[in-house]
Amino acid sequence: MKLFKMINQAFLSLGTHKGKTILMMLGPAIGAAALILVLSVVEGSSRGMQSRVKSFGHANFMILAGDGMPPADLSITTLTVEDAKAIEESHPHIKVASPGLQRRGISVEFEGSYTNVPVFGVTPTWQPAWNWKVSRGRSIEQEDLTQMRRVCLIGQTVKEEIFGDEDPLGKTVRLGKSGFTVVGELARRGSSPSGGNMDNRLVIPLTTMMRRVANVQHVSHIRVVLKEASKMQEIAEDLRKLLRRRHNIQPPQEDDFGIITPKTISKMTVEISSTLKTLLIVTAVVCLLGGGVVVMAIMLMSVSERTNEIGIRRAVGATRRDILIQFLSEAVVSTTAGGVVGFAIGMGAMGAMLKLSKMQPVFTPWAILWGVVTSMLIGVLFGLLPAYRAARLQPVDALRD
Amino acid sequence: MIHLNKINKTYYTKLQESVKAAEDVSLTIEEGDFVALTGASGSGKSTLLNLIGCLDMPDSGEYRIGDAEVTSMDDEALSLLRAETFGFVFQSFHLLEGLSVEENVALPLVYRPEFRPPRSAMDILKSVGLQDRGDHLPNELSGGQKQRVAIARALIGDPKVILADEPTGNLDSKATDEILQILEKLNKSGRTLVMVTHDDEMAARAGRVVRMEDGRIIQDSAKNTVEKKEGDEVADGGAKGKEDA
Ligand SMILES: Nc1ncnc2c1ncn2[C@@H]1O[C@H](COP(=O)(O)OP(=O)(O)O)[C@@H](O)[C@H]1O
Ligand SMILES: [Mg+2]
């Protein structure tokens, strides 16, 4: 009851010193915002990593031309269909090694409607290797490859964009200069863990892709599926040796391919987020501590400016403890309010991140608690000394003009 | 009810000079007394009043209120005395500028949440003629009005003793008269009043005049004693006090 009245007094005097109150809120606000962001981003990236690993499959490799950072480096021409065959036969644990060639931004047209899509050249093993389902029509078959047929499977987004409500099966779309017959529709898959639209694609036979579209002899990637997850590292190492031998790479030359394992994927996401994490944590700590120092400076100033007020309160019956509590609650109320504002800023920044960047921060209740509680603690910690000074004053000294 | 016995208080200036602001001060004040503390500026009047009101603690000596020994009390008990027993009125009003007149009057209640004041802040403001100023800010009032707010604040806790340190020192003669009348009325209704003034004419309105010099009480009209040699001027004041009594 008394505490409530005194906190009310704290609110009253914070209201009369708005400028100072805002200054005291500032540091904790930014600090809490950064803290809330870092926790959400970390949570988001760890969830993102989990779902990436999950969708990648836990018993798979990806072999990419280039340095292994996706997307594959298309200027590297050493990865071949024969490599895929050799890999498939190299180890009893390997279920399938499915080669593919990818090109981005190829224009597709049907009766005047255009769209730009990534096009994938694949073999029939592509379907089990990548877990794709064909919802209507048929898939890519061995016949399509041997005859280099101009047929394609169409993703749901592409279908909507160029066919609208029309049934695409049996229709001919124009891809570059040549017409391709749509033989099947890919089942809807939504967005990938990294945010890309999986349904915006066209799939054609690998041979057609190599000879008729891209006019190259190489592939951009090989997807390797194992029968079981054990021995993953050994097999990855064996494959690396195999490919180095086949590509005639001698030490100290670097690999001209990269093997991506589920482990690499999780390592990659962790590395990306840890830089950001450090940055945000440093921001949070600097702002919170800096804000704390500001709070202390302003409160000390307040105490010396308001000596007279302290004297008056003491004269009408305030104990040392009452004065301590009042000044402490002024500090705590303003830093906590700062924390709440920081929470709002953090939520705003999270929204912006979701829209503008690939990061997917996940809102966590713990983060708010941490943000607000930390700002509150900053108020207690840095308000204590000024409040103690205020409480220590003798009434008569405080009342002297 | 108030017994001071050989109270001493020495202040130290920044230059480490010591000033004996109260020296062997002994004083007894009974309930219902109207005591004027007079003396030249710097003679120790405020020091004594602050010691009585527990705003300051003596270096040595005994101080009893009723049967309670004040010098051995802790902060909690002293604060309670200031809240319950004393009401303060200062020369420079000492109102909180950020609070309204009514909030200023009610300020003491913040620290005594369990206390039910016999009269509300507005009632008391009415009794000092400020019923329509409750929601004003102090700086919208004249000096005399501010001092009436301060008196109202001193009264909300229903104290036995009013301690006033030159309450009219910043006021013109009309306001001075108003304030004195209010204080006299309070005394007549049974409250003990101790008022510091260096104005002999005002002191003369008190039932008892205590005169100080250099931290000592040199004359007390209740005892009719003159303790110092420079007697003439002092005896004069004492005589006046006696006449009025
Ligand atoms: N805090 C203090 N530090 C140093 N000297 C003080 C202090 N308070 C009062 N004094 C000195 O004590 C003496 C008595 O002061 P005071 O009680 O205020 O006198 P009065 O109220 O009669 O004018 C004066 O000489 C004054 O300078
Ligand atoms: Mg004085």
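Tutor: The largest cavity has a lining of 14 residues, and A315(A), V316(A), F88(B), R153(B) and A154(B) lie nearest its centre. A cavity here is a set of points on a 1 Å grid over the protein atoms alone where a 1.4 Å probe fits but cannot get out, and lining residues have an atom within 4 Å of a point. The model is predicted, so local features need pLDDT of at least 70 and side-chain atom pairs pLDDT 80 or more, while totals for chains, interfaces and linings use all residues. Residues are numbered from 1 along each chain, chains are lettered from A and ligands numbered from 1 as written, and side-chain values use heavy atoms without hydrogens or water.

(Helices are DSSP runs of H or I, at least four residues; strands are runs of E, at least two.) β6(B) gives the most, with 4 residues. By class, the lining holds 9 nonpolar, 3 polar and 2 charged residues. Gly counts as polar in this scheme. The space comes to about 110 Å³, the volume filled by probe spheres set on the grid points. The structure holds 3 cavities of 30 Å³ or more.

Now turn to an open space. The second largest pocket contains about 750 Å³. A pocket is an open set with protein on both sides within 12 Å along at least five of seven lines. Its lining has 29 residues, with R400(A), S46(B), T47(B), N50(B) and D165(B) nearest the centre. They divide into 8 nonpolar, 13 polar and 8 charged. α1(B) gives the most, 4 residues.

Ligand 1 sits in this second largest pocket, with more than half of its atoms within 2 Å of the grid points. The ligand lies between chains A and B. Its shell (residues with a heavy atom within 4 Å) includes R400(A), Y11(B) and K45(B). α1(B) supplies the largest share of that shell, 3 residues.

Polar contacts (N or O pairs within 3.5 Å) come next. An oxygen atom of ligand 1 is 2.5 Å from a side-chain N or O atom of T47(B). S46(B) places a polar side-chain atom 2.7 Å from a ligand oxygen. The protein covers 70% of the 560 Å² of accessible area that ligand 1 has on its own, by the Shrake-Rupley method with a 1.4 Å probe.

Key. Polar contact = N/O pair within 3.5 Å; in protein donor to acceptor, adjacent residues only side chain to side chain.
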